[in-house]
Amino acid sequence: MKIQIICSSPGIRRNGIAHPASAFYDEDRWSDEQLAAFEADPAFTIRPVDDAMENVKTDTDFELAVAAEVDKRVKAKAAELQASFEQAVKEAVEDKTATIKAEADKAVEDLGKQLQAATDKIAALDKATEKKPATAKK
């Protein structure tokens, strides 16, 4: 529930503030004594308002609603961007890992070929030394 204060002469000061032509307030904004002062002044009309039945949004209500919506959308976009970033990093790591693994596999294969070539050369040298008769020294 809210109350509407209608001021027939906007700018009149009552209860510590200058009043616009019309403003909505939460029902606990003004004390009973302050409400009695408004009601005693013919320049003011106090009207209880059912905020479920009427639009009683104040500028502050609107600004708070906008700020909440902006905050919600910023958080959603931040989460979306974070997820996108994490996916991009994951894919980049997978690509780099695959490249490094392929390079390592090739290096192991090349070393295996070099080892086989060296083993074949040793075997060939062993055969060559077995066929030569030992020469006697004089």
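Trainee: Is Lys72 buried or exposed?

Mentor: In this predicted model, Lys72 is exposed, with a relative accessible area of 53%.

Trainee: Which residue does Lys72 form a salt bridge with?

Mentor: The partner is Glu69, and the closest N and O atoms of the pair are 3.6 Å apart. Glu69 counts as partly exposed, at 30% relative accessibility.

Trainee: How are Lys72 and Glu69 placed in helix α2?

Mentor: They are three residues apart in helix α2, which covers residues 59-131, so about one helical turn separates them.

Trainee: What is the general idea behind such a pairing?

Mentor: Side chains of opposite charge can pair when their charged atoms come close.

Trainee: How many salt bridges does the count come to?

Mentor: The count comes to nine salt bridges. One of them joins Lys101 to Asp105, with the closest N and O atoms 3.0 Å apart.

Trainee: What separates Lys101 and Asp105 in helix α2?

Mentor: About one helical turn, because Lys101 and Asp105 are four residues apart in helix α2. Lys101 counts as exposed at 52% relative accessibility, whereas Asp105 counts as partly exposed at 41%.

Trainee: And which residue meets Glu109 in a salt bridge?

Mentor: Glu109 meets Lys113, with an N to O distance of 3.4 Å. These two residues are four apart in helix α2, so they too are separated by about one helical turn. Glu109 is partly exposed, with a relative accessible area of 47%, and Lys113 is exposed, with 52%.

Trainee: Let us turn to nonpolar residues. Which of them make up the largest nonpolar core?

Mentor: That core has 10 residues in all: Ile3, Ile5, Cys7, Ala23, Tyr25, Trp30, Leu35, Phe38, Ala43 and Phe44.

Trainee: Which elements each supply at least two residues of this core?

Mentor: Strand β1, residues 2-7, does so, as do β4 and α1.

Trainee: And which one gives the most?

Mentor: β1 gives the most to this core, with three residues.

Trainee: Which residues gather in a patch of negative charge?

Mentor: Glu27, Asp28, Asp50 and Asp51 gather in such a patch on the surface.

Trainee: Where is Glu27 placed?

Mentor: Glu27 sits in the loop between β4, residues 22-26, and α1, residues 32-40.

Trainee: On backbone geometry, what is the phi of Asn15?

Mentor: The phi of Asn15 is near 55°, a positive value in a residue other than glycine. As background, most residues other than glycine have a negative phi.

Trainee: Where is Asn15 found?

Mentor: Asn15 is found in the loop between β2, residues 13-14, and β3, residues 17-18. At 28% relative accessibility, Asn15 counts as partly exposed.

Trainee: A last topic: distances. How far apart are Asp120 and Leu64 in space?

Mentor: Their C-alpha atoms are 83 Å apart, and the two residues are 56 apart in sequence. Asp120 lies in helix α2 and counts as partly exposed, at 45% relative accessibility.

Note on methods
Residues are numbered from 1 along each chain as its sequence is written. This is a predicted model: local features need pLDDT of at least 70, side-chain atom pairs count only at pLDDT 80 or more; totals for chains, interfaces and linings use all residues. Side-chain values use heavy atoms; hydrogens and water are left out. Patches are made of residues with over 30% relative accessible area and no salt bridge: like charges are joined within 9 Å, nonpolar side chains (Val, Leu, Ile, Met, Phe, Trp, Tyr) within 5 Å. Accessible areas come from the Shrake-Rupley method with a 1.4 Å probe; for residues, only the protein chains shown count as cover. A salt bridge is a side-chain nitrogen of Lys or Arg within 4 Å of a carboxyl oxygen of Asp or Glu. Lys and Arg count as positive and Asp and Glu as negative; His and the chain ends are not counted. The place of a charge is taken as NZ of Lys, CZ of Arg, CG of Asp or CD of Glu. A nonpolar core is a set of buried Ala, Val, Leu, Ile, Met, Phe, Trp, Tyr and Cys residues joined through side-chain atoms within 4.5 Å. Buried means under 20% relative accessible area, exposed over 50%, partly exposed in between (1.4 Å probe, protein chains only).
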